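Please look over the structure below with its sequence at hand. The report that follows takes up a few local features in turn.

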Amino acid sequence: MKPEIIHSQNFVSDAVALIVKEAQAALAARGTFSLSLSGGNTPKPVYAAMAQSGLDWERVVITFGDERCVPPDDAQSNYRMACEALLDQVPIPAANVLRMKGELDPAEAARAYEGELRGRAGGGVFRHDLVLLGMGDDGHTASLFPGTPALTERERLVVENYVPKVAMWRLTMTYPLLDAARHVCFLVNSKGKDAVLAEVFSGTSDYPSAKVAPTDGRLTWLLGA
Ligand code: 6PG
């Protein structure tokens, strides 16, 4: 399916509207809404605005597209960022927030996370209702960085991935898991990323972000100024 590319002048409100619309559809159809959060800086104001969206948080399940291999209270933790911006502000049951355990041995944490997701999918591939992703200025997404082993993983759903560029271990969802989603939405502030975005949209790019391709789902790029 061709990606939908939206150039937004109201990035935060457009992102929240997209998420809420997907949530309402999922809750109506299946009684639950599974949402994977991306890390980095771009989504922070979106998460903060989502705290006011009035979603039925009892029926929302939160996962993380990737995590830095640090403790949950570390300033680099994507989990900590999500808690500060959103999860500590809404009545979501703790059991509904599936944290990647960055404090554990990376391989152990990856296996445990995959087991948790497969346990919720009858042993198969967990199908998110919506996966939010960001894109770095090198074209990475989640912790699928150029030239790293995680890019070629086609069986495992979650892997440990050493990233030389940032000299740290990361945990990341792999393409098989990302592509299983009903909807994948990149949230990207275009500033400084126009050239990378143009190549990603060219259809011939090797950037990791360009390789996300939902098997039976929608792909949206919401681009802020
Ligand atoms: C992370 C993110 C990563 C992020 C991009 C964009 O753990 O860093 O998951 O993939 O989405 O690096 O980050 P910005 O939004 O800060 O540009």
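## Surroundings of glutamate 103

In this predicted model, glutamate 103 touches Val70, Pro71 and Pro72, leaving aside residues up to four places away in sequence. Glutamate 103 is found in the loop between α3 and α4 (106-119), and its side chain is joined to that of arginine 99 by a polar contact of 2.8 Å.

Because its relative accessibility is 37%, glutamate 103 counts as partly exposed. Between glutamate 103 and aspartate 129 there are 27 Å in space, taken from C-alpha to C-alpha, while the two are 26 residues apart in sequence.

## Helix α3

Helix α3 spans residues 78-85, and its buried residues are Asn78, Met81, Ala82, Cys83 and Ala85. These buried residues pack against the strands β2 (33-37), β3 (60-64) and β4 (66-68), and also against helix α2 (44-50). At the start of α3, the backbone nitrogen of tyrosine 79 has a side-chain oxygen of serine 77 within 3.1 Å.

## The ligand and its pocket

The ligand sits in the largest pocket, and of the 15 residues around the ligand, those that come nearest are Asn41, Thr42, Asp66, Arg68 and Ala142.

On its own the ligand has 420 Å² of accessible area, of which the protein covers 87%.

Definitions and conventions
Residues numbered from 1 in each chain as written. Predicted model: local features only at pLDDT ≥ 70, side-chain atom pairs only at ≥ 80, totals over all residues. Heavy atoms only, no water. Buried < 20%, exposed > 50% of the residue type's maximum accessible area, 1.4 Å probe, protein only. Helix = DSSP H or I, 4+ residues; strand = E, 2+ residues; numbered from the N terminus. Contact = heavy atoms within 4.5 Å. Polar contact = N/O pair within 3.5 Å; in protein donor to acceptor, adjacent residues only side chain to side chain. Near = heavy atom within 4 Å. Areas by Shrake-Rupley, 256 points an atom, 1.4 Å probe, with all protein chains shown as cover. 1 Å grid on protein atoms, 1.4 Å probe; cavity = no way out; pocket = protein on both sides within 12 Å on 5 of 7 lines; lining within 4 Å. Sits in = over half its atoms within 2 Å of the grid points.
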